Amino acid sequence: MTTIGIIGAGHIGSQIARKAVQLGYDVVIGNSRGPETLAELVAELGPRARAATAAQAGEAADFAVVTIPLKNYKALPAQTLAGKVVIDTINYYWERDGHIDALDGGVATTSGLVQEHLADSKVAKGFNHILAADIATTGSAACTENRRALATASDHEDAAALVTRLYEEFGFDTVQIGPLAESWRVERDRPAYGVRQNAAELKANLAKAQRVV
Ligand SMILES: NC(=O)c1ccc[n+]([C@@H]2O[C@H](COP(=O)([O-])OP(=O)(O)OC[C@H]3O[C@@H](n4cnc5c(N)ncnc54)[C@H](OP(=O)(O)O)[C@@H]3O)[C@@H](O)[C@H]2O)c1
C-alpha cells in the first residue's frame with residue numbers, strides 16, 4: 001500500500017484525495033485548522049483516508065502533495081518531509097499571497113521557493129495548471145486521441161518520474177519541463193495555465209511563455 005500525505009484539504013487537496021482513494025492509495029490529509037475539521041471529508045473518502053495534522057500527514061507519507069496558499073509555504077513541515085518526493089501544486093496569487101519581489105521580478109519560481117524551504121525533499125511541480133474540478137473529470141485512458149496533458153518540473157529525476165506515473169494513473173499524459181528553474185513556464189498567466197491541452201499543444205504553450213508577465 002502506498003500512502004499519500006496531502007497537506008492542504010481545500011479544492012485541490014480534496015480532489016486529489018478523492019481520485020487517489022479511487023485508485024487504491026491510502027491518504028492521510030491535513031489542513032491548518034486541525035483534523036477534527038476534516039471529519040466530513042474523510043467520511044466521504046472512506047476507509048482508505050484519515051485526517052491528521054499537517055505534520056502527521058507528512059510523517060505518514062510515502063510521498064506527499066502540498067497544496068496550500070503560497071503565503072504559508074514556510075509552515076510546511078520540512079523535517080517530516082525530508083527524503084520524500086513532494087508534489088507541489090502551489091501557485092502565486094499576489095492578491096492572496098502578498099507581493100514576493102523575486103517572483104514579480106522573474107528571478108525565482110514558486111516551486112523553487114518551496115524546494116528551498118523543503119531543502120531535504122525532492123520537490124516536483126504537479127497539478128498546478130488544472131482546475132480542481134477538472135482533476136477527476138478530464139482524465140482518460142492512455143492512447144485516447146487528444147488526451148489531456150499536464151506538466152511537471154523537478155531537479156530530481158525520480159520525483160518527475162513519480163509525477164509522471166501518478167498523472168498516468170489519473171488519466172493524463174505528461175510533458176517534462178526540466179528543472180525547477182524552468183517551471184515558471186507553467187505558472188499563472190502563461191499560455192499553458194488552466195487550459196485543456198494535449199501534449200503537443202502543451203509543449204508549444206510552454207515554448208511560447210514569457211519570463212515576466
Ligand atoms: N483551486 C484550483 O483550481 C487550483 C488549481 C491549481 C493549483 N491551485 C493552487 O493549489 C493551492 C491550493 O489551492 P486550493 O484551491 O485547494 O486552496 P483552498 O481551497 O483555499 O485550500 C487551501 C488549503 O490549504 C490549507 N492550509 C493553509 N495553510 C496551511 C498550513 N500552513 N498548513 C496546512 N494546511 C494549510 C487550508 O486549510 P485551512 O482551511 O484549515 O486553513 C486549506 O485546506 C494554491 O496554492 C492554489 O493556488 C489551485
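Author: A residue counts as buried if 20 or more other C-beta atoms lie within 10 Å of its own. The model is predicted. By that cut-off, Thr110, Ser111, Gly112, Leu113, Val114 and Gln115 of H7 are buried. That is six of the eight residues in H7, so the helix is mostly covered.

What does the covering? Strand E4 (63-66) and strand E5 (85-88) are among the elements over the buried residues of H7. H6, strand E6 (122-125) and strand E7 (149-154) are also included.

Now step back to Thr109. This residue sits in the loop between helix H6 (101-104) and helix H7 (110-117). Thr109 has 23 other C-beta atoms within 10 Å, and therefore is buried. Its contacts reach along the chain. Leaving out residues up to four places away in sequence, Thr109 touches Leu180, Ala181, Ser183, Trp184 and Glu187. Arg185 lies 76 residues from Thr109 in sequence. In space, C-alpha to C-alpha, Thr109 and Arg185 are 9.4 Å apart.

Last, the ligand site. The ligand is surrounded by 25 residues. Gly8, Gly10, Asn31, Arg33 and Asn91 are the closest. Helix H1 (11-22) and strand E2 (26-31) each give the shell at least two residues. H1 makes the largest contribution, with three residues. By class, the shell holds 12 nonpolar residues, 12 polar residues and one charged residue.

Methods
Residues numbered from 1 in each chain as written. Predicted model: local features only at pLDDT ≥ 70, side-chain atom pairs only at ≥ 80, totals over all residues. Helix = DSSP H or I, 4+ residues; strand = E, 2+ residues; numbered from the N terminus. Buried ≥ 20, exposed ≤ 12 C-beta atoms within 10 Å, placed from the backbone. Contact = placed C-beta atoms within 7 Å. Near = placed C-beta within 6 Å. Nonpolar A, V, L, I, M, F, W, Y, C, P; charged D, E, K, R; others polar.
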